[in-house]
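Me: I'd like to learn how to read pockets, cavities and helix faces off a model. Can we walk through one together?

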Amino acid sequence: MGVEGAMTPVHLYFVSRICKDAAGAAGNIFAIGLFVSPIPTFKRIVRNKSTEHFSGLPYIYALLNCLICMWYGSPFVSDDNLLVMTVNSAGAVFQFVYIILFITFADRANKVRMTGFLLAIIGAFAVSVAGSLQIPEPALRRITVGSLSGASLISMFASPLFAINLVIRTKSVEFMPFYLSLSTFLMSTSFLLYGLFNDDVFIYVPNGIGTVLGITQLVLYFYFKRRPKDKLKEPLVEPIA
């Protein structure tokens, strides 16, 4: 009997489950690389007891994204996305700690503003959870929350477009750290495969976009990294509107 005859639908199902779990586990590991990347920034903030000119908004937005995706991966919404829930639960904890540290060392105006944003995020997430639980049909609930999750992921993955534009304009990779770009690419690719093996459009579409953007960042990094510095036609630091 050939290989085709030996691979029954049951065998294929278990192979796809194993591949899905492997891809999800890899995505969790690579995501940790992204979650810990702000640690040097916060070491500086704690050491100087000041947030200086750093912005806390990226952590606010990342917290909202993690909470929405965590809810989508929970058994209340989808019963086959446990690894999505675990990675975003970890991400939410990291972002919450970063936000608390930022509020602690920010000036009075930023303390008030960041605290307001944090309370708004928590309130919006609570409303989303309560509202989705009012949807009696599980399939419709999954589509509703999945659409929110997918939109949030797509907008998050689109944020590197600013860095890509800056690299092209300045012809310098100074503002696009290699390991951050690599971690983004590896995490996106892992969850792209996870979504494909799980046949989950709300995961493989946004992570497919993230994979393409990750490849673009890496290509630009290696292209401009090889360019001699004396060929730069623009200063590395210029006014940005």
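Me: Which residues lie nearest the centre of the largest pocket, and how many residues line it?

Reply: Ground rules before that: this is a predicted model, so local features need pLDDT of at least 70 and side-chain atom pairs count only at pLDDT 80 or more, while totals for chains, interfaces and linings use all residues. Residues are numbered from 1 along each chain as its sequence is written, and side-chain values use heavy atoms, with hydrogens and water left out. On a 1 Å grid over the protein atoms alone, a pocket is an open set of points with protein on both sides within 12 Å along at least five of seven lines, and lining residues have an atom within 4 Å of a point. Here 45 residues line the largest pocket, and Leu34, Ser37, Pro58, Ser159 and Leu180 lie nearest its centre.

Me: What volume does the largest pocket have, and which element gives the most to its lining?

Reply: A volume is the space filled by probe spheres set on the grid points, which are joined across faces, edges and corners. For the largest pocket that comes to about 1500 Å³. Helix 4 gives the most to the lining, nine residues; helices are DSSP runs (H or I, at least four residues), numbered from the N terminus.

Me: How many charged residues are in that lining?

Reply: Asp, Glu, Lys and Arg count as charged; Ala, Val, Leu, Ile, Met, Phe, Trp, Tyr, Cys and Pro are nonpolar, and the others, Gly among them, polar. The pocket's lining has no charged residues, with 32 nonpolar and 13 polar.

Me: And what lines the largest cavity?

Reply: In a cavity, a 1.4 Å probe fits but cannot get out. The whole structure has one cavity of 30 Å³ or more, and the largest holds about 40 Å³ of space. Ile68, Trp71, Phe125, Ser128, Val145 and Leu148 line it, with helix 4 (57-73), helix 6 and helix 7 each supplying at least two residues.

Me: Now burial: which residues of helix 8 are buried?

Reply: Buried means under 20% relative accessible area (1.4 Å probe, protein chains only). In helix 8 (residues 160-170) those are Pro160, Ala163, Ile164, Leu166, Val167 and Thr170. Looking down the axis of helix 8, they fall within an arc of 165 degrees, so they line one face of the helix; the arc is taken over directions from the helix axis to the C-beta atoms. Just after helix 8, Lys171 has a positive phi of about 55 degrees.

Notes: Buried < 20%, exposed > 50% of the residue type's maximum accessible area, 1.4 Å probe, protein only.
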